[in-house]
Amino acid sequence: MLRTEVVRKILSWYEGETPGLKSNLSRLLMHGRLGGTGRMVILPVDQGFEHGPARSFAPNPAAYDPHYLYELAIESGVSGYAAPLGLLEQGADTFAGEVPLILKVNSGNSLVSNNDQALTGTVDDAMRLGCIGVGFTIYPGSECSYEMIEELREISHYAKSRGLISVVWSYPRGGKVTKDGETGTDIIAYAAHMAALMGATIIKVKLPTSHIDLDAAKSTYEKYPVDSASMAGRVKHVMQAAFNGKRVVVFSGGAAKNTSELLEEVRAIREGGGNGSIIGRNSFQRPKEEAIALLNEVMDIYS
Amino acid sequence: MLRTEVVRKILSWYEGETPGLKSNLSRLLMHGRLGGTGRMVILPVDQGFEHGPARSFAPNPAAYDPHYLYELAIESGVSGYAAPLGLLEQGADTFAGEVPLILKVNSGNSLVSNNDQALTGTVDDAMRLGCIGVGFTIYPGSECSYEMIEELREISHYAKSRGLISVVWSYPRGGKVTKDGETGTDIIAYAAHMAALMGATIIKVKLPTSHIDLDAAKSTYEKYPVDSASMAGRVKHVMQAAFNGKRVVVFSGGAAKNTSELLEEVRAIREGGGNGSIIGRNSFQRPKEEAIALLNEVMDIYS
Amino acid sequence: MLRTEVVRKILSWYEGETPGLKSNLSRLLMHGRLGGTGRMVILPVDQGFEHGPARSFAPNPAAYDPHYLYELAIESGVSGYAAPLGLLEQGADTFAGEVPLILKVNSGNSLVSNNDQALTGTVDDAMRLGCIGVGFTIYPGSECSYEMIEELREISHYAKSRGLISVVWSYPRGGKVTKDGETGTDIIAYAAHMAALMGATIIKVKLPTSHIDLDAAKSTYEKYPVDSASMAGRVKHVMQAAFNGKRVVVFSGGAAKNTSELLEEVRAIREGGGNGSIIGRNSFQRPKEEAIALLNEVMDIYS
Amino acid sequence: MLRTEVVRKILSWYEGETPGLKSNLSRLLMHGRLGGTGRMVILPVDQGFEHGPARSFAPNPAAYDPHYLYELAIESGVSGYAAPLGLLEQGADTFAGEVPLILKVNSGNSLVSNNDQALTGTVDDAMRLGCIGVGFTIYPGSECSYEMIEELREISHYAKSRGLISVVWSYPRGGKVTKDGETGTDIIAYAAHMAALMGATIIKVKLPTSHIDLDAAKSTYEKYPVDSASMAGRVKHVMQAAFNGKRVVVFSGGAAKNTSELLEEVRAIREGGGNGSIIGRNSFQRPKEEAIALLNEVMDIYS
Amino acid sequence: MLRTEVVRKILSWYEGETPGLKSNLSRLLMHGRLGGTGRMVILPVDQGFEHGPARSFAPNPAAYDPHYLYELAIESGVSGYAAPLGLLEQGADTFAGEVPLILKVNSGNSLVSNNDQALTGTVDDAMRLGCIGVGFTIYPGSECSYEMIEELREISHYAKSRGLISVVWSYPRGGKVTKDGETGTDIIAYAAHMAALMGATIIKVKLPTSHIDLDAAKSTYEKYPVDSASMAGRVKHVMQAAFNGKRVVVFSGGAAKNTSELLEEVRAIREGGGNGSIIGRNSFQRPKEEAIALLNEVMDIYS
């Protein structure tokens with residue numbers, strides 16, 4: 001399939017990058033059912049690390065098997081599949097080249113309570129496994145905030161030099177951020193902006209609520225209001241914070257919910273100009289046919 | 001001896017790995033009395049570091065001599081021998097090539113009380129001594145958790161690049177894990193899953209009890225119950241958490257106990273689909289003939 | 001344009017430096033409306049990182065787009081443009097060679113409250129993007145003070161070896177420095193002196209007030225008074241502390257203020273012998289035409 | 001002199017090591033009055049660092065001069081001389097090749113009170129000065145315990161790769177170790193065992209008392225008693241913990257004492273199978289003739 | 001000028017060093033009015049970093065200009081000039097080869113209160129600027145003590161390998177050292193001894209008082225008294241602690257004082273066998289002619 005106009009336009013925004021990185025970004029944008037639309041749906045499976053295996057896979061035990069997750073990503077026609085080292089290794093050969101892979105190179109777990117993550121993979125691993133890029137989580141605001149940002153800088157710098165894209169999970173927490181504030185409009189916009197300033201290729205944030213969290217930001221939002229009453233309006237503001245929409249931003253839905261709520265969110269993302277969704281538990285915790293049907297409903301909206 | 005069907009199948013799970021690493025894993029799986037069965041018994045001797053020499057070797061003073069430990073591993077026909085640097089060096093030449101060796105590259109001691117271990121060997125040492133792999137302990141949950149995981153990542157990455165397997169002792173403790181929880185079913189399954197996600201070749205965990213430790217996991221286990229009343233059922237759940245049984249998992253028996261209890265545990269491991277046992281104090285603290293007899297009873301069960 | 005006498009004189013002060021570094025400093029001194037005068041106005045845009053996107057760009061939403069900021073720097077005729085990685089990347093190709101670029105390689109944010117910054121760019125990034133130098137903030141006095149100074153040493157050493165200039169934001173805070181003291185005459189002079197001793201090519205400090213902060217310095221300033229009643233007198237003392245005026249020092253104006261106050265400050269900087277201004281929010285938060293007009297009024301004073 | 005049977009036997013224990021390391025160990029074992037006996041007396045002079053110059057050298061001011069210490073080591077016929085960088089440098093040329101040298105590469109001082117030492121020399125320094133090996137102190141149990149062990153691992157690994165022996169001062173303190181426990185039989189045996197597991201070529205411990213310190217070890221020592229009433233019995237147990245006597249272990253006498261007490265200790269070391277003594281203050285704090293006479297009395301016992 | 005007998009003798013003490021290092025030490029010993037005498041006076045200007053510019057240079061504002069400091073060092077005929085990076089760079093070309101330069105590679109400042117310093121220069125900088133060596137401050141006893149010692153070890157090792165001398169400012173403080181103790185006889189002797197053990201080429205300490213600080217050292221000084229009543233006697237003891245006078249030791253005078261007190265101190269240094277003085281504020285804070293006159297009075301005493 002020839003590269004579409006919209007994909008060519010998106011690639012043109014990444015003018016600081018090498019042809020290698022643009023090729024990998026292009027692979028992601030041209031793959032699957034949404035290939036060529038400038039939108040994407042990514043299947044992420046890092047919940048086994050974050051919440052433990054049973055909480056992640058017991059609702060649909062077939063998903064304990066790494067091959068199942070590859071098959072779900074391939075058969076559903078999503079744009080890419082993101083997971084930690086072990087999951088990607090177990091299938092990397094069998095499914096080589098069948099779906100764009102993103103190696104999540106840091107991970108937290110539920111046994112410790114600080115706001116940090118451990119490095120659990122490397123850019124070299126990503127290249128060895130044929131990935132198009134690496135994923136990295138930062139917690140701006142946390143006590144480990146600057147350290148995580150510096151780790152991202154090093155990993156991202158090395159990844160770029162090898163033509164790999166970086167996908168940044170930007171999740172503020174701790175510090176001056178309240179619990180509700182973690183999804184406040186100002187905080188999510190700030191999170192997206194910081195990831196963009198760090199040189200992220202793709203930015204992943206949570207869907208924002210209408211809450212404004214930082215005192216220092218309140219007068220600004222009063223004086224220059226955004227359409228924060230609607231989800232689409234809030235998504236639009238987040239896109240604005242991402243270099244006026246010139247960075248690819250995808251949104252995560254969070255915990256499993258019913259289908260109509262999920263689809264409503266997807267419509268708002270599309271309407272606000274967001275580039276797509278990351279859908280994990282809502283897909284791999286359902287039986288395969290049901291999951292594929294849902295992912296296709298989502299992709300129908302983005303098409 | 002030609003590689004058996006079951007060993008070929010196990011090797012096929014490690015599709016992300018180099019032929020070098022598969023060769024070393026194959027050496028372990030094809031060695032000793034259980035060679036070719038897909039099961040293994042490993043002799044570990046790191047108790048001198050962990051508990052001190054007298055508590056480890058006074059019951060059978062012949063074991064103070066490193067050559068004795070090599071002889072026990074070779075004469076009993078176990079699958080491999082794992083120990084810290086000094087013990088392997090003292091015998092590496094005399095017994096070169098007679099038993100697969102695993103260099104334990106980190107170690108704790110009983111004089112300090114934090115949940116950490118010190119690096120006490122290197123991958124280069126393992127290669128110099130002709131080992132097939134390295135062993136590493138992590139304490140998920142402890143205050144040093146993420147640091148240990150990052151050390152593992154570096155060591156494992158380098159070991160893999162040199163064709164050496166990694167054996168991960170995954171022992172949660174500290175953090176949100178209670179004392180009883182260290183062997184809870186949810187915690188052991190989580191421990192095995194994290195080691196698998198880290199890319200461990202072989203996973204070593206303790207035998208699980210029927211306890212469920214994390215509050216966040218309780219509702220999951222209520223909704224999707226596992227057969228936690230029987231040891232075999234719990235082992236089966238742990239294997240499920242290890243990529244649906246597609247990673248080699250061995251279980252440790254812990255402190256010395258009577259022979260019939262030990263054998264009962266071994267039967268449960270076999271029944272639950274576990275790959276084998278690590279048996280230390282229960283072997284080297286008995287006179288050699290007695291130890292060899294016991295190890296053979298264990299291997300009879302796995303055969 | 002041939003190098004002017006005053007620029008030749010300024011370059012002669014940097015006698016420890018390579019021709020490569022002098023070439024890049026010369027590019028900055030010869031560019032834009034103030035080219036050849038020995039004075040400069042720099043457009044810095046790191047407020048998105050420091051204060052968040054809405055507080056920075058909502059007053060003039062066109063500035064959310066990185067290309068707008070390049071255009072503002074180019075059309076206004078300022079001497080250079082300084083920003084974090086993402087902002088420079090997005091435009092580096094489109095505007096290649098049209099304005100001297102300075103990559104700000106460390107950044108703080110408003111979600112954490114300690115006196116530190118994270119490394120967010122590298123000297124290699126600066127070279128890849130065609131920058132003439134790197135910018136770095138230090139907080140002398142803070143708990144991270146010596147660590148930041150050591151990071152500067154490494155970055156500055158490497159930058160120099162590649163012919164890139166270093167611009168040091170020297171902002172004392174914390175430690176023995178009171179809140180008012182952060183802009184005290186003694187503290188600003190000390191800040192400029194430390195940056196000079198570190199080998200900074202260009203020093204950026206805040207405009208000093210008449211306050212003297214350190215007890216240990218009070219008797220000195222009583223015995224050897226400086227003309228601290230006038231801004232020009234205070235600027236003159238700061239220039240003295242910068243190797244008797246033999247280092248380029250630029251002053252920042254801080255939060256947006258009215259035009260006449262700003263121009264008054266600029267006149268004092270010129271009168272005191274300062275080399276120029278760094279003007280951020282006062283330019284990019286106004287509509288483009290208004291901003292260009294203001295920057296030209298400023299440059300008229302320096303001409 | 002041809003290598004003796006006993007030295008050949010000792011070298012055979014170090015089967016994991018290179019010919020280079022064995023050559024250097026052989027040099028030490030074949031040097032001086034005890035050359036060829038498998039026993040050794042080493043002159044250590046690190047007290048200037050540990051306790052200060054006056055407390056070390058004022059009783060015999062000639063020892064302030066580094067050349068004096070070389071002369072004492074050479075004229076007395078001891079097996080080797082161990083000291084920090086500065087002392088070895090000042091004489092390395094004058095006395096090149098006249099006595100085996102051991103560079104002590106970490107050192108503490110009496111001005112700080114934590115249980116740590118600073119690295120004060122390198123393996124490269126040792127090679128530059130023609131040393132046969134390096135010395136390193138660890139404090140198992142202390143808050144810096146694991147860090148010191150990791151430093152030892154790195155230094156020892158590099159030293160071995162260059163054919164240099166490592167002499168480990170294993171001095172438990174802090175953590176679960178009581179003040180009296182620092183010389184308890186269980187603790188000294190544990191200290192020797194850990195050094196052996198770390199791959200130490202030569203182990204240096206203090207002479208043990210009959211005290212048993214760790215609660216966890218008491219039942220073991222009750223059930224499997226060692227001859228802890230006599231010094232020779234305790235030394236024998238320590239040798240057992242050192243790979244059943246297959247590592248060279250030397251004992252330190254500690255603070256200056258009268259001659260007959262010292263000689264009694266030496267007889268116990270010999271009787272218990274220890275390899276020798278490290279004698280510092282008891283030699284260099286006496287006039288040279290007196291010191292040489294004493295060292296010869298000691299060596300007479302070991303001969 | 002041919003090397004004198006006394007310089008040849010001093011060089012012979014540095015027998016562990018390369019011809020490159022000896023050449024640089026020789027350059028220092030043969031330069032200026034005291035060239036060839038084995039004595040030296042060094043001009044240090046690090047007070048701008050340590051105390052701020054006004055406290056350092058306001059009494060004689062000409063000294064704000066780095067060229068003035070070079071001229072003072074050259075015109076007065078002192079042996080060498082020591083300063084941080086920025087000061088040496090600004091003049092390195094103009095005065096290339098006219099006076100031996102020592103780059104001070106770490107620096108503290110008055111805005112922070114801990115007992116540490118930041119690295120502010122490198123050995124490579126020293127070579128680039130044509131320096132004969134590097135200067136480094138350690139604070140034995142402080143909470144950063146061992147870390148500073150390890151930094152010194154690394155810098156000194158690299159400097160030596162490049163033929164550069166190391167000048168160690170050994171200033172005990174913190175830990176077990178009382179405020180008065182910082183200049184106690186035992187502490188200064190210990191400071192000099194530790195610097196010698198670290199392999200320092202030249203040792204810089206403060207002039208000692210008759211105070212004895214460490215309890216553990218008091219009985220030694222009672223039993224083996226030094227002539228601590230006279231400054232010359234105390235200097236003599238410090239020289240003894242510096243390898244029996246076989247290391248070059250220079251003394252600092254501290255804060256500005258009247259000329260006769262200063263000269264009296266110099267006479268005591270000469271009488272006690274010290275190698276010279278480091279004279280900063282007492283020279284650069286006076287008008288140039290006055291400073292040169294004073295430095296010559298000092299050098300007259302040492303001649």
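## About the model

This is a predicted model, in which local features need pLDDT of at least 70 and side-chain atom pairs count only at pLDDT 80 or more, while totals for chains, interfaces and linings use all residues. Residues are numbered from 1 along each chain as its sequence is written, chains are lettered from A and ligands numbered from 1 in the order in which they are written, and side-chain values use heavy atoms, leaving out hydrogens and water.

## Where chains A and B meet

Chain A brings 45 residues to the contact and chain B brings 42 residues (contact means heavy atoms within 4.5 Å). Together they bury about 3500 Å², with carbon and sulfur atoms giving 61% of that area; buried area is the accessible area (1.4 Å probe) lost when two parts are put together, summed over both. On the chain A side, Tyr64(A), Gln90(A) and Leu111(A) supply 21% of the area buried against chain B, more than any other three residues.

## Salt bridges

Two salt bridges link chain A and chain B. In one of them, the side chain of Lys246(B) meets that of Asp65(A) at 2.9 Å, N to O (the cut-off is a side-chain nitrogen of Lys or Arg within 4 Å of a carboxyl oxygen of Asp or Glu).

## Cysteines

How many disulfides does the structure hold over all chains? There are zero, a disulfide being a pair of cysteine sulfur atoms within 2.5 Å. Cys144(C) forms none because its sulfur is 14 Å from the closest cysteine sulfur, in Cys144(A), too far for a bond.
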